Amino acid sequence: MIRFSDYKYERPDIEKISKEFDNLLEKFENAKDVETQNEVIRQINKLRNTIDTMGTLVNIRHSINTEDEFYKKEQDFIDENEPNFQNLVFKYYKVLVNSRFRKELEGKWGSQVFNLAELQLKSFSEEIIDDLVNENRLTTEYDNLIASAKIEFEGETRNLSQMFPFIESKDRDVRKKAYEAYTNFFEENESEFDRIYDELVKVRDKMAKKLGYKNYVQFGYDRLGRTDYDSKMVANYRKQVYESLVPVVVELMDRQRKRLGLDELRYYDEPLWYLTGNATPKGSPEWILDNGKKMYKELSKETDQFFKFMVERELLDLVSKRGKMSGGYCTIIPDYNSPFIFSNFNGTSGDVGVLTHEAGHAFQSFMSMDYELPEYKFPTYEACEIHSMSMEFITWPWMELFFEDDVEKYKFSHLSDAINFIPYGTTVDEFQHFIYENPEATPEMRKSKWREIEKKYLPFRDYEDNDFLNRGGYWFKQGHIFQTPFYYIDYTLAQVCAFQFWIKDRENHEKAWEDYMRLCKAGGSLPFLELVKLGNLENPFVDGTISKVVKPLKEYLDSVDDSKL
Ligand SMILES: [Zn+2]
């Protein structure tokens with residue numbers, strides 16, 4: 001049995017690859033028939049998959065142990081050479097979309113790769129290379145600033161993520177102090193965050209204008225590969241959230257207030273669900289993994305096969321250890337047809353989330369491995385999250401395995417939290433539209449606009465006497481706003497789809513599973529709204545979808561006596 005540790009890394013020979021790539025492109029352009037072009041596409045796919053495989057092996061091994069000198073050096077090598085490689089793909093896209101056999105090629109490979117290639121071409125030109133480098137440098141500055149946080153709390157120096165157990169404390173005094181200490185870090189560095197963001201907004205606006213866009217908004221959408229919806233549809237979607245979902249969340253927050261026995265629910269009370277504490281898994285990481293095996297064996301033949309493959313080949317790196325990077329992700333190693341899951345278990349319900357959410361991503365990619373085109377192995381972000389968020393709900397019947405007596409607590413907070421998240425995601429989105437439509441706004445104007453939008457979508461939010469948060473500084477901690485503009489509403493769009501799987505699965509599991517499998521197998525071969533249709537899901541952009549979807553969820557939550565949890 002071959003294991004992850006046997007997956008062989010060899011430093012890619014960039015010169016050789018570039019030459020090979022250029023030869024293939026020449027062959028493509030001179031092709032007298034479509035069959036020759038199909039053959040070149042196959043060879044280019046192979047070459048790209050091999051380069052991806054090498055880059056991914058380095059990324060994974062470096063993130064598992066940042067102290068390993070060999071992979072640290074290889075990571076630098078990959079980072080330095082990535083732009084060269086992107087440039088090759090860019091050249092390939094140019095000849096691909098201009099092929100005189102385009103119609104036949106679309107017939108064979110599907111239109112989606114052409115749609116994606118065209119957006120890539122539209123959103124790049126040599127004129128913006130320096131600006132892109134600048135953008136990268138600024139987002140790295142943001143990452144470094146976040147990672148630099150050293151918070152003195154209860155006698156120890158902690159980073160931002162180490163503050164969360166205290167922020168969720170059952171003791172109101174502790175969580176208030178912890179949240180204040182957490183916020184202080186952002187306030188102390190306020191001018192740095194303001195400067196980095198201001199420079200990011202300006203450089204993005206400049207690039208958009210160089211490429212002929214009115215402002216960054218459409219450029220941002222194009223960079224995300226959004227081929228079948230626009231900012232007007234998204235604005236109308238936010239309106240639906242405001243009208244149909246915000247009132248439900250206001251009610252849920254009031255239930256939380258009562259459950260916690262408080263007169264006022266302050267911002268630092270929101271992370272605590274129950275006076276008796278939040279739901280946690282009842283065993284060690286090995287025990288959680290064993291229960292995961294059992295769950296996926298019972299769920300379906302395909303998930304059983306998938307999860308056994310992951311475990312046998314050691315494609316899960318779950319626990320924290322010295323030198324390991326923080327966070328979690330799922331990626332794929334194309335030449336080995338292998339997904340990979342990386343996480344840092346910390347004893348919270350998030351550990352089970354890794355085995356449902358990240359495994360949902362991994363399962364989709366496992367089901368899409370047969371696609372030769374690298375573009376089709378994962379769909380665009382908003383569609384990607386449907387698989388992961390829906391798996392969280394489809395696996396509900398097995399949650400007792402992990403949470404035992406806490407299972408009702410887990411289910412109630414999981415579903416409520418998913419609903420509560422949507423108005424927040426909408427706040428982030430509306431804010432970013434303001435930002436890029438008004439690139440000249442000052443940092444003060446930006447913050448006060450944030451607070452104004454927060455009051456609209458999160459009317460219950462009470463920052464008490466926290467001056468920084470009252471001035472509109474909450475979003476500094478939201479990395480997406482700095483790193484990938486307009487990527488965030490995606491989670492909410494996917495959540496509205498995942499809710500439909502929650503509903504369908506309770507009505508008819510076989511039928512829901514069939515729809516889910518069809519969606520996984522389609523990978524990224526279709527744009528978002530066509531995938532939605534393929535999964536027999538209602539389009540989140542259509543008026544009425546949100547109110548229809550949220551109704552049975554609310555009925556379920558209303559039927560739970562949460563005062564007993
Ligand atoms: Zn995800």
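In which strand does Phe345 lie? Phe345 lies in strand β5. This model is predicted, and the report goes from this residue to the chain and then to a few other sites.

**Phe345 and its surroundings**

With a relative accessibility of 10%, Phe345 counts as buried, because buried means under 20% relative accessible area. Apart from neighbours within four places in sequence, Phe345 is in contact with Pro285, Ile288, Leu318, Val319, Ser320, Asp351 and Val354. Ile332 is 13 residues from Phe345 along the chain, and the C-alpha atoms of these two residues are separated by 21 Å.

**The chain as a whole**

The chain contains 24 helices and five strands. For 565 residues, a compact globule would have a radius of gyration near 24 Å, and the value for the chain, 24 Å, agrees with this. The C-alpha trace spans about 75 × 55 × 50 Å along its principal axes.

Of the 565 residues, 57% are buried. Among contacts with a separation of 6 or more, 75% are made by residues 24 or more positions apart. The accessible surface of the chain comes to about 24700 Å², and carbon and sulfur atoms hold 48% of that surface. There are 77 positive and 102 negative side chains in the chain, and the centres of these two sets lie 2 Å apart.

In soluble globular proteins, nonpolar side chains tend to be buried together. Here the largest nonpolar core has 160 residues, and within it Phe482 and Phe528 touch the most other members. Helix α17, residues 407-437, gives the most to this core, with 13 residues. A second, separate core has 28 residues, among them Ile17, Val40, Leu47 and Leu88.

Which residues does Phe482 contact, leaving aside neighbours within four places in sequence? The contacts of Phe482 are Thr139, Tyr142, Phe193, Ile196, Tyr197, Leu200, Arg204, Trp475 and Phe476.

Most residues other than glycine have a negative phi. Asn337 has a positive phi of about 45° although it is not a glycine, and Phe486, also not a glycine, has a positive phi of about 70°. Asn337 is found in the loop between β4 (329-333) and β5 (338-345). Phe486 is placed in the loop between α20 (479-483) and α21 (489-507).

Is Phe486 buried or exposed? Phe486 counts as buried, since its relative accessibility is 0%. Asn337, in contrast, is partly exposed, with a relative accessible area of 39%.

Asn236 lies in helix α11, which covers residues 231-259. Asn236 is 305 residues from Phe541 in sequence, yet the C-alpha atoms of the two residues are 7.3 Å apart in space. Not counting residues up to four places away in sequence, Asn236 touches Phe541 and Asp543. Asn236 is partly exposed, because its relative accessible area of 26% falls between the 20% and 50% limits.

**Accessibility side by side**

The table collects the relative accessible areas of the residues discussed above.

| Residue | Relative accessible area | Class |
|---|---|---|
| Phe486 | 0% | buried |
| Phe345 | 10% | buried |
| Asn236 | 26% | partly exposed |
| Asn337 | 39% | partly exposed |

Terms used. Residues are numbered from 1 along each chain as its sequence is written. This is a predicted model: local features need pLDDT of at least 70, side-chain atom pairs count only at pLDDT 80 or more; totals for chains, interfaces and linings use all residues. Side-chain values use heavy atoms; hydrogens and water are left out. Helices (H or I, at least four residues) and strands (E, at least two) are DSSP runs, numbered from the N terminus. The radius of gyration is taken over C-alpha atoms; the globule rule is 2.2 Å times the number of residues to the power 0.38. Buried means under 20% relative accessible area, exposed over 50%, partly exposed in between (1.4 Å probe, protein chains only). Contact means heavy atoms within 4.5 Å. Accessible areas come from the Shrake-Rupley method with a 1.4 Å probe; for residues, only the protein chains shown count as cover. Lys and Arg count as positive and Asp and Glu as negative; His and the chain ends are not counted. The place of a charge is taken as NZ of Lys, CZ of Arg, CG of Asp or CD of Glu. A nonpolar core is a set of buried Ala, Val, Leu, Ile, Met, Phe, Trp, Tyr and Cys residues joined through side-chain atoms within 4.5 Å.
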